[in-house]
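Visitor: Hi, I'm new to this one. Could you walk me through it?
Guide: Happy to, let's bring it up.

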Amino acid sequence: MFGRREQLAAAEWQRFLMYASDHGLSIVTVIAVYQLAESGTKATISIAGEDSLHDAWFWWDRVEPGSALAVALSTGYGTHTHRSGVVYVGSQDGGSGVYDRLDAKTLARARRHQLRAVAKQHRLDKRMRRTQLTPAVPR
């Protein structure tokens, strides 16, 4: 059936989602990291529920490509990119705005588990439709 690691990853993903929801945090996925500095990391991210990618600065934190993060974010002008809409996580004076994270492997296992569960349900639904009795049509 389903692998134990995938089941544990799916449970961890559900815990992660609940934590983010309970604390009013945004969920972002790190697509690529393109600069590491003492004071943080520059990355390309996607924000759950949005279709576009964003440049992001993570103050005082190292993030890994493929990971999912529960964050407090703000947007502003990027002094290096000269564009508005840059996402800032954390603050220069405060600290990291990353409150929880799932690494890329755990996230991949959770997604694999979800896809298998959907496929299994689809197969069951299809089997049920085939075995249902159809009323006789009078001639």
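Predicted model: local features only at pLDDT ≥ 70, side-chain atom pairs only at ≥ 80, totals over all residues.

Visitor: What does the protein chain average in pLDDT?
Guide: The average is 86, and 84% of the residues score at least 70.

Visitor: Where is confidence lowest, and where is it highest?
Guide: Helix H2 (residues 104-131) is lowest, with a mean of 78, while S4 is highest, at 97. Those labels are DSSP runs numbered from the N terminus: helices are H or I with at least four residues, strands are E with at least two.

Visitor: Okay, the core. How many residues does the largest nonpolar core have?
Guide: That core has 13 residues, and Ile-45, Phe-58, Leu-69 and Val-71 have the most contacts inside it. Strands S1 (26-37), S2 (40-47), S3 (53-59), S4 (68-71) and S6 (83-89) each give two or more residues to this core. S2 gives the most, with three residues.

Visitor: What counts as a nonpolar core?
Guide: A set of buried Ala, Val, Leu, Ile, Met, Phe, Trp, Tyr and Cys residues joined through side-chain atoms within 4.5 Å. Buried means under 20% relative accessible area, exposed over 50%, and partly exposed in between (1.4 Å probe, protein chains only).

Visitor: Which residues is Ile-45 in contact with?
Guide: Leaving aside neighbours within four places in sequence, Ile-45 is in contact with residues including Val-28, Val-30, Leu-53, Phe-58 and Val-87. Contact here means heavy atoms within 4.5 Å. There is also a second, separate core of 11 residues, which includes Ala-9, Trp-13, Ala-70 and Ala-110.

Visitor: New topic: how many aromatic pairs are there?
Guide: The count comes to three. Rings of Phe, Tyr and Trp (its six-membered ring) pair if their centres lie within 6.5 Å; planes under 30 degrees apart count as stacked, over 60 as edge-to-face and the rest as tilted. Trp-57 and Trp-59 make an edge-to-face pair, 5.6 Å centre to centre with 85° between the planes. Trp-59 and Trp-60 make a tilted pair, at 6.0 Å and 35°. Trp-57, Trp-59 and Trp-60 form one aromatic cluster.

Visitor: Is Trp-60 buried, exposed or partly exposed?
Guide: Trp-60 counts as partly exposed because its relative accessibility is 42%. By contrast, Trp-57 is buried at 10%, and Trp-59 is buried at 15%.

Visitor: Where is Trp-60 found?
Guide: In the loop between S3 and S4. Phi of Trp-60 is near 55°, a positive value in a residue other than glycine.

Visitor: And Asp-55, buried or exposed?
Guide: Asp-55 is in strand S3, and Asp-55 counts as buried because its relative accessibility is 17%. A polar contact of 3.1 Å joins the side chains of Asp-55 and Tyr-34. Such a contact is a pair of N or O atoms within 3.5 Å; within protein, one must be able to donate a hydrogen and the other to accept it, and residues adjacent in sequence count only if both atoms are side-chain atoms.

Visitor: Last one: how many bridges pair S1 and S2?
Guide: Eight, in the antiparallel sense; strands pair if DSSP finds at least two bridges between them. S1 and S2 form a hairpin with two residues between them.

Conventions
Residues numbered from 1 in each chain as written. Heavy atoms only, no water. pLDDT = per-residue confidence, 0-100.
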